[in-house]
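Here is a structure for a reader who has not seen it before.

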Amino acid sequence: MTIAEVSRKYDISPDTLRYYERIGLIPPVPRSKGGIRDYDQESCGWVELMKCMRRAGVQIEALIQYVALFRQGEDTADARKAILVEQREQLLERMADMQATLDRLNEKIDHYDLCLEAERKLRKP
């Protein structure tokens with residue numbers, strides 16, 4: 001797939017795709033004989049994974065380290081797993097914080113609903 005096709009498929013700009021490759025967030029993408037990026041299934045899998053991880057707020061530095069370890073081979077499986085476990089813990093903490101915030105917002109909205117309902121009842125003739 002061309003960079004334009006991958007860009008459309010994953011809703012990521014071509015500049016972002018190039019940036020991801022340049023900083024090591026995804027492994028180098030295969031190239032055609034003319035030097036044009038030719039995303040294969042594996043490359044697309046990396047793009048999809050990184051989009052998912054970034055959307056979840058996983059740190060770029062951790063993902064770069066993960067990709068670098070992946071490229072070193074199977075001997076790094078324990079280190080790669082450790083990165084993912086640490087990122088999962090951080091994500092769970094952020095999710096708990098977000099849930100607490102959502103709960104607080106719901107309380108405030110419920111409070112306003114009660115106040116507004118009481119006000120409407122007082123206005124009825």
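**Labels and their cut-offs**

Q: Why are glutamate 107 and arginine 104 said to be separated by about one helical turn?
A: Both belong to helix α5 (residues 77–123) and are three residues apart, so about one turn of helix separates them. Helices here are DSSP runs (H or I, at least four residues; strands are E, at least two), numbered from the N terminus. The model is predicted: local features need pLDDT of at least 70, side-chain atom pairs count only at pLDDT 80 or more, and totals for chains, interfaces and linings use all residues. Residues are numbered from 1 along each chain as its sequence is written, and side-chain values use heavy atoms, with hydrogens and water left out.

Q: What makes the contact of glutamate 107 and arginine 104 a salt bridge?
A: The N to O distance between their side chains is 3.5 Å. A salt bridge requires a side-chain nitrogen of Lys or Arg within 4 Å of a carboxyl oxygen of Asp or Glu, so the label applies.

Q: Where do arginine 120 and glutamate 117 lie?
A: They are both in helix α5, three residues apart, about one turn of the helix.

Q: Why is arginine 120 called partly exposed?
A: Its relative accessibility is 46%.

Q: How many salt bridges does a search of the whole structure find?
A: The search finds six salt bridges. One of them joins arginine 37 and glutamate 21, whose closest N and O atoms are 2.6 Å apart. This pair links distant parts of the chain: arginine 37 is in the loop between α2 and α3, glutamate 21 is in helix α2, and they are 16 residues apart.

Q: What are the relative accessible areas behind the label "buried" for arginine 37 and glutamate 21?
A: Arginine 37 has 18%, so it is buried. Glutamate 21 has 13%, so it is buried too.

Q: What makes tryptophan 46 and phenylalanine 70 an edge-to-face pair?
A: Their centres are 4.9 Å apart and their planes are at 70°. Rings of Phe, Tyr and Trp (its six-membered ring) pair if their centres lie within 6.5 Å; planes under 30 degrees apart count as stacked, over 60 as edge-to-face and the rest as tilted, so this pair is edge-to-face. Tryptophan 46 is in helix α3 and phenylalanine 70 in helix α4 (residues 60–72), 24 residues apart.

Q: Are tryptophan 46 and phenylalanine 70 buried or partly exposed?
A: Tryptophan 46 counts as buried because its relative accessibility is 9%. Phenylalanine 70 counts as partly exposed because its value is 30%.

Q: Which residues form one aromatic cluster?
A: The cluster consists of Trp46, Tyr66 and Phe70.

Q: What is the phi of aspartate 11?
A: Aspartate 11 has a positive phi of about 55°, although it is not a glycine. Most residues other than glycine have a negative phi. Aspartate 11 is found in the loop between α1 (3–10) and α2.

Q: Why does aspartate 11 count as exposed?
A: Its relative accessibility is 68%, so aspartate 11 counts as exposed.

Note on methods. Buried means under 20% relative accessible area, exposed over 50%, partly exposed in between (1.4 Å probe, protein chains only).
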